[in-house]
Amino acid sequence: MKEKYKVLIADDEKRVVKLIKNLVDWEKLGLEYAGEAYDGQEALKKVKELHPDILITDIKMPGVDGLVLARKVQEIQEKISVIIISGYKVFDYAYDALKSGVIDFLIKPINASDLNNSLARLLKIKESQRIERSDIGKKQQKLEEEFTKLARNQFLFNCLHQIGDCERDLEQFNRQNGFRFREGLYGAFLIRIFCPDHAGRRLLEAQESPSVSYKVYNIAERLLSDLCYDWAMIEEKNVIECIYNIPAGKKEDMKKAFLKLHSDWASALLVYPEMESILGVGRFYESHMGIGESVRDAFACTRMKPVFGTSKPVSAERIQLKEAAPMLTKLWIHNFDVMIHDYQIGPMEEFLDQSFTEWAPQLYQCPWQLEILLTELLNQFREEVKKDGIKILPEEITAQKEYFLALNSLDKLKQAVREYIIQIMSGYIENMNSRHKQPITIAIEYIEKHYAEPVSLEDICAQVDLSYHYFSGLFKQETGGNITDYLIQVRIDHAKRLLKDTTKNISEIAELCGYSDARHFSRLFAKRVGIKPQEYRRMNA
């Protein structure tokens, strides 16, 4: 039901007050009679007490006249509307009346039609102003809600990225950040979402899904709304962050809520088979100043997936932050470096398997060391293979580490790290084999084309741009024989074909095979084949 506007009547003559009261069509106009006053001072007092919306007053009043009264009541109550009743012509007072904020003039003697029409016009003005104020109020409320949302989200973003300091005074903190926090316990939890490509050993860029965020929000709202004084949640780059404030006695209830949240979210995630997730829970703090620390606790917990898996929330309260010895000792680093440069696949696999077996107990006791271990191991590998010309970009190391941290067990982590390192080592070995075979192929092709010429070892080494000593060893390693023997064999094989397929004499064949001395050729042929060239021809005629 719409609230009625209240009317105060002021005149120094009681009969005029009674007349006005009787002339107003209260029911039709929807007005309410607030009261009456018989002089200016009493009218001011009644305005302060009754807060009327409309004042009908005579222009001539004892104590305070109508125009002064109009100005003064608007100082008391800005939205009040004033109608002046006068026995004088309007234009005599029009200028002063407008300055005083008077809405209308009525000339005595008053009649019902004029009075009610004036009030009707005034009501239209007031209703229009009310609607305008309502619209402005709604816009103002919407702006305030948007500001509150932005302020809350900015605070969550700053906590996640460790930006800025927290206001110490709780009341001031609430004003600045749009929260309704009270004295009690404060904390945070994070859900990290992963889209692992296990075949490619990498994390795919998960598409931000409003439906995923919406499901998490709905679950959280159901569990937290009655439990928390206030809470807020944002999603950014596959991390859903929530901070909360609960009564001091609700700590155990909140722990149960985390278990229920984990269970409900795991069920909801079944419709997204490409996604995996982990719920990290920060410590409880007795001051809002600890919220940022709780966010960091929760984030650190989401980096321990290979140690704890995803069967239940990973709570910072379970993790003892105690001193621990470095996992990569000087001896381990030395042995690792030696095996890298030996490029022996089997020993490296055994070494890594044994290392992870030895590291496992310490990682279960100090899971926060996992990220440190992976960072140091991958960087050490990168620096060592760099010495052999293998370039691994820092971004690739970071991407590999993120993939490793998304795995569900230490066994899977061990396997993935081993496969990554072995893959790079195998690629290097294959590349080096290819590089070794390339000069051999060039040398063989050169011999096949130029065997009839006086080819020297220096000529062959010049073709592959390698030293005689290095190339001789490389050739023997790849073919099992030395390069001189290979050249002789090529020439003898060609001589055999010429002896079988042509009638050329021995001297001509010797020259065509790169020998200027026929006797030397015959001795060499007999030594290699076991019979002289003439006998070979007769046997194969």
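# Reading a predicted model

Student: Is Q400 buried or exposed?

Tutor: Look at the relative accessible area. Under 20% counts as buried. Q400 comes out at 9%, so Q400 is buried.

Student: Which residues does Q400 touch, not counting those up to four places away in sequence?

Tutor: Q400 touches R201 and Y420.

Student: Let me try a strand. Where is V314 placed?

Tutor: V314 sits in strand β12, residues 314-315. The relative accessible area of V314 is 1%, so V314 is buried.

Student: What is V314 in contact with, leaving aside neighbours within four places in sequence?

Tutor: Heavy atoms within 4.5 Å count as contact. On that rule V314 meets I278, L279, G280, V281, C301, F308, G309 and I319.

Student: How far apart are V314 and F189 in sequence and in space?

Tutor: Count along the chain, then go from C-alpha to C-alpha. V314 and F189 are 125 residues apart in sequence, yet 9.7 Å apart in space.

Student: Which residues of α12 are buried?

Tutor: W332, F336, D337, M339 and I340 are buried. They cover an arc of only 165 degrees around the axis, so they lie on the same side of α12. The face turned away from that buried side carries the exposed residues K330 and L331.

Student: What about α18: how many residues does it have, and what is its reach?

Tutor: Helix α18, residues 468-479, has 12 residues. Its reach from first C-alpha to last is 16 Å, close to the expected 16 Å. F471, L474 and F475 are buried in α18. Seen down the axis, these buried residues fall within an arc of 100 degrees, so they line one face of the helix. Exposed H469, K476 and Q477 are on the face turned away from the buried side of α18.

Student: Which residue takes a positive phi just after α18?

Tutor: G480 does, at about 90 degrees.

Student: And just after α12, which residue takes a positive phi?

Tutor: Y343, at about 55 degrees. Check the residue type too: Y343 is not a glycine. Y343 lies in the loop between α12 and α13 (345-365). With a relative accessible area of 9%, Y343 is buried.

Student: H51 also has a positive phi. Where is H51 found?

Tutor: H51 is in the loop between α3 and β3 (54-58). Its phi is about 50 degrees, although H51 is not a glycine. H51 is partly exposed, with a relative accessible area of 49%.

Student: How do α12 and α14 cross?

Tutor: Take the two axes and read their distance and angle. The axes of α12 and α14 (residues 369-386) come within 10 Å and cross at roughly 45 degrees. The two helices are therefore oblique to each other. Their crossing is right-handed. On the α12 side, W332, I333, F336, D337, I340 and H341 make the contact. On the α14 side, L377, Q380, F381, E384 and V385 make it.

Student: At what angle do α3 and α4 pack?

Tutor: About 20 degrees, with the axes 10 Å apart. Angles under 35 degrees count as roughly parallel. So α3 and α4 are roughly parallel to each other. This crossing is right-handed. From α3 (residues 40-50), the contact uses G40, A43, L44, V47 and K48. From α4 (residues 66-76), it uses L69, K72, V73 and I76.

Student: One last feature, the peptide bond. Which residues does a cis peptide bond join?

Tutor: Look at omega. The bond between K108 and P109 is cis, with omega about 0 degrees. P109 is placed in the loop between β5 (102-107) and α6 (112-160).

Notes
Residues are numbered from 1 along each chain as its sequence is written. This is a predicted model: local features need pLDDT of at least 70, side-chain atom pairs count only at pLDDT 80 or more; totals for chains, interfaces and linings use all residues. Side-chain values use heavy atoms; hydrogens and water are left out. Buried means under 20% relative accessible area, exposed over 50%, partly exposed in between (1.4 Å probe, protein chains only). Helices (H or I, at least four residues) and strands (E, at least two) are DSSP runs, numbered from the N terminus. The arc is that of the directions from the helix axis to the C-beta atoms. Axes are lines fitted to C-alpha atoms, for helices over the stretch in contact, and angles run from 0 to 180 degrees between N-to-C directions. Angles under 35 degrees count as roughly parallel, over 145 as roughly antiparallel, 65 to 115 as roughly perpendicular and the rest as oblique. A crossing is left-handed if the near helix is turned anticlockwise from the far one by less than a right angle, and right-handed if clockwise. The expected span of a helix is 1.5 Å times one less than its number of residues.
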